[in-house]
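Welcome! Have a look at the sequence and the model, and then let us walk through a few of the places where parts of the chain meet.

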Amino acid sequence: KNNVNIKEIGPGMAGADSDDSLYPIAVLIDELRNEDVQLRLNSIKKLSTIALALGVERTRTELLPFLTDTIYDEDEVLLALAEQLGNFTMLVGGPEYVHCLLPPLESLATVEETVVRDKAVESLRKISHEHSPVDLEVHFEPLVKRLASGDWFTSRTSACGLFSVCYPRVSSTVKAEIRQHFRTLCSDDTPMVRRAAASKLGEFAKVLELEYVKSDIISLFTALASDEQDSVRLLAVEAGVSIATLLPQEDLEALVMPTLRQAAEDKSWRVRYMVADKFSDLQKAVGPEITKNDLVPAFQNLLKDCEAEVRAAAANKVKEFCENLPEDSRETIIMTHILPCVKELVSDTNQHVKSALASVIMGLSTILGKDNTIEHLLPLFLAQLKDECPEVRLNIISNLDCVNEVIGIRQLSQSLLPAIVELAEDAKWRVRLAIIEYMPLLAGQLGVEFFDEKLNSLCMAWLVDHVYAIREAATCNLMKLVEKFGAEWAQNTIVPKVLGMANDPNYLHRMTTLFCINALSEVCGQEITTKHMLPVVFKMSNDQVANVRFNVAKSLQKIGPVLDSNCLQTEVKPVLEKLASDQDMDVKYFAQEAISGSSTGLFMEKQCALFPLSKKCFRDTWLPKCFVQLFTKQTILLFILTPNLPAEPSCSVYHHLLNLSLGSHI
């Protein structure tokens, strides 16, 4: 009864009286042909389930040909299909039959949409490792040749990503053919193909024998680095870094460096940007001698480039470049060649350049040592702390730990405070949020006395900010500060101010008090929570605003684990019971949740174990429809899988499938 071909299952067959074993397959086919893109997409994502139901033979002979014939769909459907097929090896019978997946993936590798092609190539690369050497030459390598010789540029771009995965495992004759195909693509008439070849040149060079790297790859690299399209030339830069790691030191100067020097002075700023972005990798690849003779002058020029984007990329590499300099001449090179350029960038007209420099300049202090830092770097730090751009000041503050290790933070404290205050009061809430996140770090470095005197008021002011994200971050900040300074400090300094907000006329600020209590109870311990915080929470249960009252219920549930059982039974439970009879529905609901769902388990009611849904969900009108849809879909999934499972009812597979369908965890 299972001999009906998958192509014979027509539209609408899922609703007809047909063989029960074909019903799930008919549902899939109906969805694959449905006009609704989302239904087709959902069906594609279930392919592995359908393949499991069909078995390996029918998957090879029916499902894969069907998919190959129907590869004319929306891009998001094809993308999902390309991803699914990369995980199909075991579903077609294992590595012995993995070549059956090549036809549909080959078709997907030729479509117009780039993301679909890339995903198809990714899946092809994945399954290439599962081919035996013989199958690789018989099935995979011919596919690569077909793509490389395709009439449309899309197939040729896809081929570029496949050479490196098949080259190491084929015969010498086939290797020569692959090298020739790659050479052809590097000189293709279409810029998109040359771009794809340039992006894979370094990867391909890594799997070639050294003699062919010198004879073939270097000439291709030189040609691509001189291409008329700057989009090709910039990709050749990255390939040049990879090639440099493969060549002996004596060959670098003659074979690679002339081309890279040319790229560093390219007329296109995008090429120079790529050189700057890859400069640290290039520095590691070429070694100390070439770095001193060639890269130091090139790096100086990039730091002084006429384009801000190039200067920013180079500035971002200052710390890495200095770290990788030869130790015997590091300090001299930095002080003589790099630091003068850095001083100019501190006052650059472009804020992105200054921001990039500020994110790394503090790291130079650990390289240059205490004396040079105080004499040369400290004035630069102070200037950046007063910069008009908040991102620059923020980047300096976020890296203060580097300076603290070398000279201590006290020398910066007088300039640091105004910068922190300005950032804390910045009009952009994201800037204020960022400085809050660095406050625990600053507090640890400045010490408790300086913090209490200068920064404590700022932290409290954030609790009443008009942006909720700031109030929330300020609450977390208090918890981290207590972890750093201790519960006793919190009791004397923070807790009284937080509890004072419970009388604030703004209900949002009163709610912030509850949020702070939730966070502080974890770090302050039982005594402070019970003695100081709990009475305030009880008092707020009588608040006129319902939002405050139901947050009281949530807070009592949150801090319950910190309290002892006697307090829970004699003090907390009566308050929750009172809130459970509140006139407001939300207050009643959260109070009941706190009573029945308390993590303490001391007054927990029995919950429904089979379906992990809250009691409120059972009262909602959407539940019956939602549950029926969920249960129906999962039951269909269950019946799709069961024909290929053992027949014993007690089988653990059945047990887990039943749990999956019902949503339980028993």
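## The nonpolar core

A nonpolar core is a set of buried Ala, Val, Leu, Ile, Met, Phe, Trp, Tyr and Cys residues joined through side-chain atoms within 4.5 Å; buried means under 20% relative accessible area (1.4 Å probe, protein chains only). This is a predicted model, where local features need pLDDT of at least 70 and side-chain atom pairs count only at pLDDT 80 or more, while totals for chains, interfaces and linings use all residues. Residues are numbered from 1 along each chain as its sequence is written, and side-chain values use heavy atoms, leaving out hydrogens and water.

The largest nonpolar core has 210 residues, and those touching the most other members are Phe-88, Ile-243, Val-318, Ile-361, Ile-397 and Leu-556. Setting aside residues up to four places away in sequence, Leu-556 touches Leu-534, Val-537, Phe-538, Val-572, Val-575 and Leu-576 (contact means heavy atoms within 4.5 Å).

## Helices H28 and H30

Helices here are DSSP runs (H or I, at least four residues), numbered from the N terminus. Helix H28 (residues 429-446) and helix H30 (residues 468-485) have axes that come within 9 Å and cross at roughly 5°. Axes are lines fitted to C-alpha atoms over the stretch in contact, with angles from 0 to 180 degrees between N-to-C directions. H28 and H30 are therefore roughly parallel (angles under 35 degrees; over 145 counts as roughly antiparallel).

## Helices H18 and H19

The axes of H18 (residues 279-286) and H19 (residues 288-303) come within 9 Å, crossing at roughly 160°. That makes H18 roughly antiparallel to H19.

Definitions and conventions:
Helix = DSSP H or I, 4+ residues; strand = E, 2+ residues; numbered from the N terminus. Parallel < 35°, antiparallel > 145°, perpendicular 65-115°, else oblique. Buried < 20%, exposed > 50% of the residue type's maximum accessible area, 1.4 Å probe, protein only.
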